[in-house]
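Here are some notes to read alongside the model, written for someone meeting it for the first time. Keep the viewer open and look up the residues as they come along.

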Amino acid sequence: IICSEMIRVTSPCPDSVIVALGAREWPIWACEVSEFPWHYDQRETCLLLEGDVTVTPESGTPVHIKGGDLVEFPAGLRCTWSVHQPVRKYYQFG
């Protein structure tokens with residue numbers, strides 16, 4: 001588990017955790033190669049199915065995430081997403 005500015009990454013995420021969370025029942029979000037600012041109004045947990053991303057908090061260390069990673073973003077986080085390879089992820093808010 002890697003933590004930076006309260007971003008938690010479990011890499012790779014064990015299948016037992018994916019099943020316990022019910023992550024395969026969550027909605028899917030996809031994004032092409034791009035860069036954009038983002039603000040989390042509420043906590044998000046996501047499981048990257050594929051892709052390669054660097055998430056840089058406004059006042060923190062960049063965090064690299066990729067397919068197979070389970071990521072928790074805290075409410076209130078302001079960051080920039082740099083999508084290096086197209087992303088598909090399961091996600092859940094709250």
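Is Pro-86 buried, partly exposed or exposed? The points below start there, and please keep in mind throughout that this is a predicted model.

1. **Pro-86.** This proline sits in strand 8, and its relative accessibility is 38%, so it counts as partly exposed: the value falls between the 20% limit for buried and the 50% limit for exposed. Setting aside neighbours within four places in sequence, Pro-86 is in contact with Cys-31, Glu-32, Val-33, Glu-50 and Gly-51. Take Glu-50 from that list: it is 36 residues away from Pro-86 along the chain, yet their C-alpha atoms are separated by 7.3 Å.

2. **The largest core.** Which residues have the most contacts inside the largest nonpolar core? They are Ile-7, Val-53, Val-55, Ile-65, Val-71, Phe-73 and Trp-81, in a core of 18 residues. Two or more residues each come from strand 2 (7-10), strand 5 (44-57), strand 6 (63-66), strand 7 (70-73) and strand 8 (78-93). Strand 8 is also where you found Pro-86.

3. **Val-55 up close.** Not counting residues up to four places away in sequence, Val-55 touches Ile-7, Thr-61, Pro-62, Val-63, Ile-65, Phe-73, Cys-79, Thr-80 and Trp-81. Apart from this core lies another one, of seven residues, including Ala-23, Trp-26, Leu-70 and Tyr-90.

4. How many salt bridges does a search of the whole structure find? There are five. In one of them, Lys-89 pairs with Glu-44, and the closest N and O atoms are 2.6 Å apart. This pair links distant parts of the chain, with Lys-89 in strand 8 and Glu-44 in strand 5, 45 residues apart. Lys-89 has a relative accessibility of 4%, so it counts as buried. Glu-44 is buried too, at 2%.

5. Arg-43 belongs to the loop between strand 4 (34-39) and strand 5, while Glu-72 is in strand 7, so the bridge ties together parts that are 29 residues apart in sequence. Arg-43 counts as partly exposed at 37%, and so does Glu-72 at 23%. Then there is Arg-24 with Asp-15, whose closest N and O atoms are 2.6 Å apart. Arg-24 is partly exposed at 44% relative accessibility, and Asp-15 is partly exposed, also at 44%.

6. **Cysteines.** A disulfide is a covalent bond between the sulfur atoms of two cysteines. The structure holds zero of them. Cys-31 counts as buried at 14% relative accessibility, and Cys-79 counts as buried at 5%.

Technical notes:
Residues are numbered from 1 along each chain as its sequence is written. This is a predicted model: local features need pLDDT of at least 70, side-chain atom pairs count only at pLDDT 80 or more; totals for chains, interfaces and linings use all residues. Side-chain values use heavy atoms; hydrogens and water are left out. A nonpolar core is a set of buried Ala, Val, Leu, Ile, Met, Phe, Trp, Tyr and Cys residues joined through side-chain atoms within 4.5 Å. Buried means under 20% relative accessible area, exposed over 50%, partly exposed in between (1.4 Å probe, protein chains only). Helices (H or I, at least four residues) and strands (E, at least two) are DSSP runs, numbered from the N terminus. Contact means heavy atoms within 4.5 Å. A salt bridge is a side-chain nitrogen of Lys or Arg within 4 Å of a carboxyl oxygen of Asp or Glu. A disulfide is a pair of cysteine sulfur atoms within 2.5 Å.
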